[in-house]
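Please consult the sequence and structure shown here.

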Amino acid sequence: SEAEPHGVVCRRRRKKGPSAGCDVGACWACMQSAPRAEFGIVRTTKDEFESLEDGAWWMHEKCMEPSDLRAYFGGEKELAAAIAAADADEAAKSATSKSDKTKTKAEDRAAATAEEKERIKQMSVKQLKAYLDRHNTSHADLFEKSELLTRALDVAAAAPPEPPPGPAWMLAGTICYACTKPQAKEHGGVVCRRRREDGRISGCGKGVCWRCMKRAPKDSFGNVRCTKEEFEELGDDAWWMHHQCFEDGDWKDYFDESEPEDEKWKRTGEE
């Protein structure tokens, strides 16, 4: 019914002196699910609270004095047992969380590898040879496409998946190397990467957010910049790299003009 209690208020009426507690309510759901770091170990249920009738009370652990904790749990030994049980429960949850994260990473890796293999199956003989070259795998003894494909698939099964084709956007959660802040949403920046025509990947692979792209000092970041709007306009052909990660010809491809001598000197140190 609408009048049915949905939780309990942090309050204890003492026999002597004023009432204790912050008077902030906690619903039954939060009472069970709120993390220990925020809520503490002192919990109750609706059934337990009702069974205590007029003697019922509850407070947040942070609102309790040592005497309140002993009174709530029934004594020093009972309090120690409750703390030990909470420690064991927290350790079990932490172990489960780590296991789930490991499982998720393994599943993500398997999915990426499967996607990589499908991409390899669509490659021409020239592309298969280039793929093997990128992974420092000899193919001089292979003469049939089926043989090249088999070796390339073997490499894909053991090597980390190559970055997917298309623009190297920063994904949500990716950390900007310049400010060390994780991105709250997709496309919060761009990764230093270029996939060349032969399939080779260039760039340092570091991500930079749009704020740092605009504000980072020239002496450490360089002059090669872009905006989110410019990157979006280029569609699937979009790429960006630090100037220091450029190779010969990249300046021409990026700016559609020859690389100035002073800029080339900054990049290579050669006259």
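The count of aromatic pairs comes to 14, where rings of Phe, Tyr and Trp (its six-membered ring) pair if their centres lie within 6.5 Å, and planes over 60 degrees apart count as edge-to-face, under 30 as stacked and the rest as tilted. This is a predicted model, in which local features need pLDDT of at least 70, side-chain atom pairs count only at pLDDT 80 or more, and totals for chains, interfaces and linings use all residues. Residues are numbered from 1 along each chain as its sequence is written, and side-chain values use heavy atoms, leaving out hydrogens and water.

**Aromatic pairs**
- Trp169 and Phe231 pair edge-to-face, at 4.8 Å centre to centre and 85° between the planes.
- Trp169 lies in the loop between H7 and strand E3 (189–191) and Phe231 in helix H10 (residues 228–233), so this pair ties together parts 62 residues apart in sequence.
- Both Trp169 and Phe231 are buried (under 20% relative accessible area; exposed is over 50%, partly exposed in between, with a 1.4 Å probe and protein chains only).
- Trp239 and Tyr254 are also edge-to-face, at 5.1 Å and 70°.
- Ring pairs link Trp239, Phe246, Trp251, Tyr254 and Phe255 into a cluster.

**Cysteines**
- The whole structure contains 0 disulfides (cysteine sulfur atoms within 2.5 Å).
- The sulfur of Cys179 is 3.7 Å from its closest cysteine sulfur, in Cys176, which is too far for a bond.
- Cys179 is partly exposed, at 22% relative accessibility.

Methods. Helices (H or I, at least four residues) and strands (E, at least two) are DSSP runs, numbered from the N terminus.
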